[in-house]
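Hi,

Here is the structure I promised to pass on.

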Amino acid sequence: MLTAKIITFGISKGGCSKSTSSGITSYLLSKEEKVLAIDMDGQGNLTNFLTGEYDICNAFEGKTVLEAILNEDARSCIIKIKENLDMIPSNDFLATLPRRMFEKGLKLDALQKALEPVMEDYDWIIIDTPPSLSEQTVMPLSTYSEAGSYAVIMFDGSMFAYYAIPKFLEIIEGAKERYNPTLKTVGILFSLIDARAKENDVMEESVDEDYPNLKFKSIIRRKAATRRLAISGFDGNTELKNAIEYYIPFVKELKERVR
Ligand SMILES: Nc1ncnc2c1ncn2[C@@H]1O[C@H](COP(=O)(O)OP(=O)(O)OP(=O)(O)O)[C@@H](O)[C@H]1O
Ligand SMILES: [Mg+2]
């Protein structure tokens with residue numbers, strides 16, 4: 001049974017808080033349910049973030065999402081982060097993915113095949129993608145689940161990210177047509193929003209007008225404690241509550257939207 005809800009965080013604009021948001025969302029969901037977080041970006045930021053390991057090339061060699069996809073079986077590439085939270089890491093070798101997939105004749109449903117053996121072990125599969133519209137983004141969007149497959153579009157309030165939204169929506173449509181007919185855009189998440197920036201209201205209005213009902217009501221504001229999470233991690237972090245404050249209403253809203 002394909003029973004995990006899949007949530008893919010993406011936008012082709014870099015630095016919109018995809019990794020931070022997918023990491024904190026995984027952490028919060030795992031307080032009550034079983035979560036598998038997947039790093040589809042060779043930068044390995046989600047891997048760093050959740051494992052605290054910085055030498056990702058050596059630490060996870062041969063046991064990353066690259067091998068999961070090439071072997072069409074994720075089981076040997078899953079590591080335990082904490083109670084209820086597992087992850088499939090990535091590292092720089094993910095750059096070889098397109099070539100290796102081509103050599104093996106794999107298609108864009110390869111991640112789907114890799115995840116099928118483990119999908120019923122989790123309530124949620126949370127996927128971080130790179131700032132590009134490559135295979136690494138298309139494959140998560142192409143991954144089907146009976147419980148639903150969803151995309152969260154990250155938006156940092158900038159003009160460049162605004163231009164990237166329709167492109168991401170196009171990729172979603174493509175994945176939907178070819179592999180994943182039930183894929184839904186669950187919402188646009190405003191993140192890294194600076195309370196003092198004058199253009200925020202205009203951006204919010206534009207997004208509301210262009211994409212009615214897509215903007216999450218919860219907005220993630222820019223916060224030094226949130227940025228420092230990448231340094232201090234979740235365990236024993238005395239400012240954790242402050243760092244993840246804005247994500248509590250977001251995760252609640254996310255759950256309501258996918259119900
Ligand atoms: N709410 C926030 N407040 C302050 N800093 C944040 C917040 N969210 C993310 N950051 C910081 O902003 C930077 C970009 O975030 P992140 O790496 O999560 O973005 P990304 O979209 O995954 O980037 P990339 O496109 O490179 O994958 C990081 O330094 C991160 O720590
Ligand atoms: Mg990232």
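**Strands and crossover**

Strands β6 (residues 149-155) and β7 run parallel and are joined by 6 bridges. Two strands count as paired here if DSSP finds at least two bridges between them, and the elements themselves are DSSP runs numbered from the N terminus: helices are H or I with at least four residues, strands are E with at least two. M154 stands opposite L189 in β7. To get from β6 to β7 the chain passes through helix α8 (residues 159-178), and this β-α-β crossover is right-handed (with the strands pointing away from the viewer, the path from the first strand over the helix to the second runs clockwise). Strand β7 (residues 184-190) is largely enclosed by the rest of the structure, because 5 of its 7 residues are buried. Buried means under 20% relative accessible area, exposed over 50%, and partly exposed in between, with a 1.4 Å probe and protein chains only.

Before the rest, some housekeeping. This is a predicted model, so local features need pLDDT of at least 70 and side-chain atom pairs count only at pLDDT 80 or more, while totals for chains, interfaces and linings use all residues. Residues are numbered from 1 along each chain as its sequence is written, chains are lettered from A and ligands numbered from 1 in the order in which they are written, and side-chain values use heavy atoms, with hydrogens and water left out.

**Aromatic rings**

Rings of Phe, Tyr and Trp (its six-membered ring) pair if their centres lie within 6.5 Å; planes under 30 degrees apart are stacked, over 60 edge-to-face, and the rest tilted. The count by this rule is 6 aromatic pairs. F9 and F250 make an edge-to-face pair, because their ring centres are 6.4 Å apart and their planes are at 70°. That pair links distant parts of the chain, with F9 in strand β1 (residues 5-10) and F250 in helix α12 (residues 247-258), 241 residues apart. Both F9 and F250 are buried.

Y27 and F234 are stacked instead, since their centres lie 4.3 Å apart with the planes at 20°. Here too distant parts are linked: Y27 is in helix α1 (residues 18-29), and F234 is in the loop between α10 (224-232) and α11 (240-243), 207 residues away. Y27 is buried at a relative accessible area of 12%, and F234 is buried at 11%.

F9 and F250 also belong to one aromatic cluster with F216 and Y247. The charged end of R257 sits over the ring of F216, 4.5 Å from its centre; that label needs NZ of Lys or CZ of Arg within 6 Å of the ring centre and within 35 degrees of the ring normal. K215 lies over the face of F190, 5.3 Å from the ring centre.

**Cysteines and helix α9**

How many disulfides does the structure hold? There are 0, a disulfide being a pair of cysteine sulfur atoms within 2.5 Å. The sulfur of C77 has its closest cysteine sulfur in C57, 15 Å away, which is too far for a bond. C77 is buried, with a relative accessible area of 1%, and C16 is buried at 0%.

In helix α9 (residues 200-210), the residues N200, M203 and V207 are buried. They are on the same side of α9, because they cover an arc of only 65° around the axis (taken from the directions from the helix axis to the C-beta atoms). The face turned away from that buried side carries the exposed residues D201, V202, E205 and E209.

Cheers
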